[in-house]
Amino acid sequence: MEVVKKGTYVQIHQIVLNPEERASNLPEETKVVPLEMWVKGYLNSDAKIGDEVEITTLTNRQVRGTLVEVNPSYCHDFGKFVPEILKIGQDLRRILKDGE
Amino acid sequence: MADYSYNAVMARKNEIMKRAVGIDYSKFQTSRISFDYEKMMRETGYTLQEVQNIQRDVGVGNTPLIELKNLTALVRKISPKGKGARIFIKDEACNPSGSFKDRRAAISVYHAKKLGYKGVVAATSGNYGAAVASQAAMRNLNCIIVQECYDSRKVGQPEILEKQRKCECYGAEVVQLTVGPELFYTFLKILEETGYFNASLYSPYGIAGVETLGYEVAIQCREQLGKDPDVVVITHAGGGNVTGTARGLIKAGALNTKVVGASVDLTGLHMASDKDFNRKSFTTGHTGFGIPFATWPDRSDVPRSAARPLRYLDRYVTIKQGEVFYITEALAQLEGLERGPAGNTSLTAAFYLAQEMDEDQIIVVQETEYTGAGKHHMAQLSFARENGIDIRFGNPEDERAGESIILPEHPSLIKARDVDLFKLKKSYIKNCIDNYKVDEIAIKDVEFLAEDTKLSIEEVEKILTEINVKVVK
């Protein structure tokens with residue numbers, strides 16, 4: 001696997017609390033899964049995806065975790081087209097123009 | 001070395017908070033339940049004029065108040081003759097980071113800088129994170145935003161993913177977590193580790209920042225229309241929007257303006273559920289925050305929340321997710337204003353409330369928010385559909401949160417449904433008794449509860465008798 005160079009901007013993953021360490025007042029489906037965390041920062045030494053690493057975050061904090069992504073991207077978008085939305089505008093313009 | 005286990009950090013909560021907010025809340029305590037709210041706001045907050053100056057300095061506030069003429073015309077088409085108030089909207093999306101939350105962040109971040117903190121931290125998945133990040137950028141402070149973002153499959157709410165991007169574009173560090181209230185534990189650890197300021201949504205600074213919004217609404221109505229608004233509709237979640245806006249209206253002398261809160265109805269969905277997390281399409285402005293924060297405001301991240309909505313609400317209504325998406329599209333199509341769905345919660349309620357009001361009356365919707373990838377009704381509806389939510393036209397009454405989103409077949413099907421405020425007030429009083437573990441209270445506490453619920457002393461005493469609590473005179 002490719003080596004990720006020290007100083008690369010990455011995302012790491014950490015288990016904050018295991019299921020047995022979680023708060024007591026949680027719904028069942030939440031209680032059985034760990035509390036997980038993702039943080040981004042610069043890699044402190046060469047590593048591979050999946051390695052335990054330490055990073056320096058933008059506020060200069062040192063955080064440890066598993067290396068999961070290199071140069072993490074933003075992938076959210078406008079989703080798939082929802083045809084119902086288009087109909088709303090057409091209906092409303094008709095009502096405004098012609099009465100009902 | 002300090003013990004960073006869950007129990008150890010939670011046990012240090014009060015000392016961490018005291019250092020991170022810089023307020024000694026104990027000095028406002030006047031009895032076992034009561035505290036001097038106005039004294040807290042006065043002594044730790046800023047005057048309206050100071051707030052205006054701080055905000056003007058960073059380009060926050062003085063947003064336009066726009067009349068929604070086509071939506072008003074639409075309301076009149078479906079109202080009885082003579083009904084259909086003029087609807088105005090305060091275009092808060094014009095603030096630097098795109099929402100009214102800049103008003104809150106402006107004061108918190110200013111205060112943090114003044115006290116010499118090197119950075120600010122906020123626990124939020126919403127617009128407030130972007131606002132704090134933007135203000136921190138302006139004032140050269142470091143910023144960390146702690147978000148509840150993913151379910152256990154690492155599927156993130158598109159709206160929250162967008163918020164992450166926006167915070168990072170202002171140079172903030174974003175810490176992302178899976179679902180669960182133990183976010184607070186991570187938040188405390190970061191506050192302790194960094195020594196940064198807690199830019200809490202619920203501090204007096206955060207609330208004072210919203211007062212200018214209510215104040216501007218009153219002044220703009222007088223300038224543009226020659227009178228005060230009859231009704232102001234405010235999206236209600238944690239209570240700060242309602243509290244700050246209502247206080248601003250009062251400071252402007254708009255004492256006859258009715259304050260109406262509105263939340264999206266998410267009844268049946270558990271806010272701490274890993275499964276429900278991605279089955280809802282609203283991450284704030286919903287009943288999952290609105291009701292618990294009204295009936296127990298001191299659940300927040302500070303000992304005494306400055307957001308106390310029951311003091312100010314004249315009416316509280318809920319609307320459905322499908323209705324908000326519908327109105328969001330209507331705002332774009334009929335008024336040429338493409339804005340984010342969460343900010344249109346109060347507009348949706350206003351669309352119904354205007355039908356009950358006379359044509360010469362004024363109803364003001366006090367916010368809009370920015371929109372974009374992830375944070376858009378198209379993205380939200382598409383995501384809901386992918387998560388198995390049934391989306392169709394029909395009667396919104398049939399909508400079940402987490403199962404369906406029903407777009408109204410006709411605009412006349414949009415309804416604002418009243419929440420029994422008296423019931424919430426009773427529940428708040430009961431929570432005070434339970435949480436402070438008292439079985440008798442002083443007359444000072446009764447007076448406080450009356451102020452905190454906008455009830456008379458007699459009404460509070462009657463409720464206390466009902467739950468077997470003695471008043472020591």
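Predicted model: local features only at pLDDT ≥ 70, side-chain atom pairs only at ≥ 80, totals over all residues.
**View 1. Chain A and its fold order.** Chain A holds 2 helices and 4 strands. Along the sequence they run β-α-β-β-β-α. The C-alpha atoms occupy a box of roughly 70 × 40 × 30 Å along the principal axes. The radius of gyration of chain A is 23 Å, whereas a compact globule of 100 residues would have one near 13 Å. Buried residues make up 27% of the 100 in chain A. Among contacts in chain A with a separation of 6 or more, 52% join residues 24 or more positions apart.

**View 2. The side of chain B that touches chain A.** Here 35 residues of chain A are in contact with 49 residues of chain B. Several elements of chain B each supply at least two residues to this side, including helix 5 (69-77), strand 4 (142-150), helix 8 (158-169) and helix 13 (321-335). Helix 15 of chain B contributes the most, with 6 residues. By class, this side of chain B has 23 nonpolar, 17 polar and 9 charged residues.

**View 3. Strand pairing between the chains.** Strand 2 of chain A, residues 35-43, pairs with strand 5 of chain B. The pairing is antiparallel and spans 2 bridges. Met37(A) stands opposite Leu177(B), a residue of strand 5 of chain B.

**View 4. The largest nonpolar core.** This core has 163 residues. Those touching the most other members are Ile87(B), Val120(B), Val132(B), Val233(B), Leu353(B) and Ile363(B). Helix 10 of chain B, residues 204-225, gives the most to the core, with 9 residues. In soluble globular proteins, nonpolar side chains tend to be buried together.

**View 5. The surroundings of Ile363(B).** Neighbours within four places in sequence are left aside here. Ile363(B) is in contact with Ala85(B), Ile87(B) and Pro229(B), among others. Its contacts also include Asp230(B), Val231(B) and Val233(B). Ala350(B), Leu353(B), Ala354(B) and Met357(B) are in contact with Ile363(B) too. Of these partners, Ile87(B), Val233(B) and Leu353(B) are also listed among the core residues that touch the most other members.

**View 6. Domains 1 and 3 of chain B.** Chain B is divided into domain 1 (6-52 + 99-204), domain 2 (54-96 + 209-418) and domain 3 (422-472). The C-alpha centres of domain 1 and domain 3 of chain B lie 30 Å apart. Their contact takes 5 residues from domain 1 of chain B and 9 residues from domain 3 of chain B. On the domain 1 side, the residues divide into 1 nonpolar, 3 polar and 1 charged.

Notes. Residues numbered from 1 in each chain as written. Chains lettered and ligands numbered in written order. Rg over C-alpha atoms; globule rule 2.2 N^0.38 Å. Buried ≥ 20, exposed ≤ 12 C-beta atoms within 10 Å, placed from the backbone. Contact = placed C-beta atoms within 7 Å. Nonpolar A, V, L, I, M, F, W, Y, C, P; charged D, E, K, R; others polar. Pairing = 2+ DSSP bridges. Core = buried A, V, L, I, M, F, W, Y, C linked by C-beta atoms within 7 Å. Domains from an automatic or database assignment.
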